[in-house]
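Colleague: I am new to this structure and would like to learn how to read some of its features. Could we go through them in turn?

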Amino acid sequence: MRALKRSTSAAVALTALAGTAALATATPASAASYHCKTSSHSVDDPSYTGPDSDNWDFDVTLCAMRSGGYIYTTATVYWDGPYTAKNRSTLTFNKAKFQLQTKRSVGGTDPIVKSGAYTGLEHALEHSSGNGNGSYSTGTLKSKAGSTRYLADGYIQLDWSGDDKSYRSPILFTASPVV
């Protein structure tokens, strides 16, 4: 059995080296990669007052890439919701969205170059796994790049069912590194 593990490890190592060599010979345009930052925020469900845990723990990864004269930005939302989320299903939110923004990095407030509202987040949240976990990826925003630097930024807005309010204050996350 030990010989099989060593052979498998050697095959994996050779495959990894071959993959690295292929990347090293890639053209400059295909060698571009996203620069990402992940940050977290925990949110209490204001409409639930029962004995079970009701916090939603969000991790958001915001990414930006400069390639071929364009800036590409994207985001992925991961969550660990309450295990009771599956029981409440579509009764948890009236609306939920992730607002992705491509911003120009300047001194002071970074101006928004392009923005997209991804409302599919509501469906994804309300159809979490049996443990209340899940993820959601936005589309990609593409913007013509100038000579300045850019970044991806974004936030979540939630409209909880049963609290008689609309969207709550945005849940902010840390922007991507500048590209």
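**Reading the aromatic pairs**

Modeller: A search of the whole structure, which is a predicted model, finds four aromatic pairs.

Colleague: How is the pair of F93 and W160 arranged?

Modeller: In general, two aromatic rings are described by the distance between their centres and the angle between their planes. For F93 and W160 the centres are 4.7 Å apart and the planes make an angle of 40 degrees, a tilted pair. Its partners come from distant parts of the chain, 67 residues apart: F93 belongs to strand β4 (residues 93-105) and W160 to strand β8 (residues 149-160).

Colleague: Is F93 buried or exposed?

Modeller: Buried means under 20% relative accessible area. F93 has 2% relative accessibility, so it counts as buried. W160 is also at 2% and therefore buried.

Colleague: Which residues do ring pairs link into a cluster?

Modeller: The cluster consists of W56, F58, F93 and W160.

**A ring and two lysines**

Colleague: What lies over the face of Y70?

Modeller: K142 is placed over that face, 4.2 Å from the ring centre of Y70. K144 also lies over the face of Y70, at 4.9 Å from the ring centre.

**A residue in a strand**

Colleague: Where is S67 found?

Modeller: S67 is part of strand β2, which covers residues 55-67. Its relative accessible area is 15%, so S67 is buried. A32 is 35 residues away from S67 along the chain, yet their C-alpha atoms are separated by 6.2 Å.

Conventions. Residues numbered from 1 in each chain as written. Predicted model: local features only at pLDDT ≥ 70, side-chain atom pairs only at ≥ 80, totals over all residues. Heavy atoms only, no water. Helix = DSSP H or I, 4+ residues; strand = E, 2+ residues; numbered from the N terminus. Buried < 20%, exposed > 50% of the residue type's maximum accessible area, 1.4 Å probe, protein only. Phe/Tyr/Trp six-rings, centres within 6.5 Å; stacked < 30°, edge-to-face > 60°. Lys NZ or Arg CZ within 6 Å of the ring centre and 35° of its normal.
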